[in-house]
Amino acid sequence: MEANNNDALVIGGVSLTSRLFTGTGKYGSDTIIPDVCEASGSQVITVALRRVDTNAATGNVMQHIPEHMQLLPNTSGARNADEAVRIARLARAAGCGDWIKIEVISDNKYLLPDGYETAKATEILAKEGFVVLPYVNADLYVARDLVNAGAAAVMPLGAPIGSNRGLMTKEMVRILIDEIALPIIVDAGIGAPSQACEAMEMGAAACLVNTAIAASGDPVAMGRAFGEAVRAGRAAYLAQTATVSTGTADASSPLTGFLGGM
């Protein structure tokens with residue numbers, strides 16, 4: 001299925017023909033990342049900033065990210081707004097660009113994002129010229145705060161991060177799609193291509209998928225499947241699905257002129 005160049009997603013002045021965002025975590029080997037990027041068609045990849053042991057034998061994940069990919073550094077590990085802002089500034093200083101995915105999580109059991117601290121960090125970084133994509137619960141009031149804070153998109157979770165449970169927050173995500181003018185990018189919890197397709201059919205602007213691809217039996221094939229699912233869901237959304245009928249059945253052919261009496 002080819003990308004529709006007339007249906008680009010524009011964030012921070014960057015035009016994207018793929019609406020699947022991917023990640024760099026949980027792969028058995030980072031060397032597979034270029035193949036996943038190519039198979040999925042993804043153009044945006046998120047990466048966490050970490051301290052580097054220069055004496056360690058492990059490689060640098062950045063060496064495996066294709067040059068054409070839009071980097072989306074994230075503030076994984078930040079427990080409050082101040083830490084998120086510091087990580088974002090370090091990412092920019094390290095040459096990772098102006099895009100930043102805000103993750104502020106102080107709950108180590110469910111890994112749920114802190115909406116208040118996320119909004120604070122978003123406001124500070126947006127004023128500094130960052131293209132801010134905050135990861136939050138699917139909460140209308142938090143989303144409105146993020147709009148006012150200058151976010152470039154809103155990234156509600158579908159289910160707890162890394163759980164692969166699917167679109168558990170479906171009705172809340174639908175409200176954000178209806179009420180928030182910014183792109184809604186479903187992030188976290190999506191475990192199967194069908195779930196990403198469902199989010200796109202609802203009108204989500206994009207999906208970010210990491211664990212479901214990286215931890216699958218064949219990440220390259222799964223990346224391809226997610227890419228096709230996101231494109232199919234977007235195409236269905238643009239085509240406008242038919243009305244759901246309740247109660248009695250509705251025949252697809254006229255209930256007249258039957259041949260049984262001939």
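This is a predicted model: local features need pLDDT of at least 70, side-chain atom pairs count only at pLDDT 80 or more; totals for chains, interfaces and linings use all residues.
T211 has its place in helix α7, residues 211-214; helices here are DSSP runs of H or I of at least four residues, strands are E runs of at least two, and both are numbered from the N terminus. Residues are numbered from 1 along each chain as its sequence is written, and side-chain values use heavy atoms, leaving out hydrogens and water.

Is T211 buried or exposed? T211 counts as buried, at 14% relative accessibility; buried means under 20% relative accessible area, exposed over 50%, and partly exposed in between, with a 1.4 Å probe and protein chains only. Beyond its neighbours within four places in sequence, T211 is in contact with K26, G162, N164 and S216, where contact means heavy atoms within 4.5 Å.

Let us turn to the annotation. In an unreviewed UniProt entry, "binding site" covers G162, A188, G189, N210 and T211. These residues span 50 residues in sequence, yet no two of their C-alpha atoms are more than 9.3 Å apart, so they gather at one spot. Such annotations may be inferred rather than shown by experiment.

A188 lies in the loop between β9 (185-187) and α6 (193-202). A188 is also buried, with a relative accessible area of 8%. Leaving aside neighbours within four places in sequence, its contacts include Y135, L157 and L208.

Finally, the whole protein: there are 8 helices and 10 strands, and buried residues make up 46% of the 262 residues.
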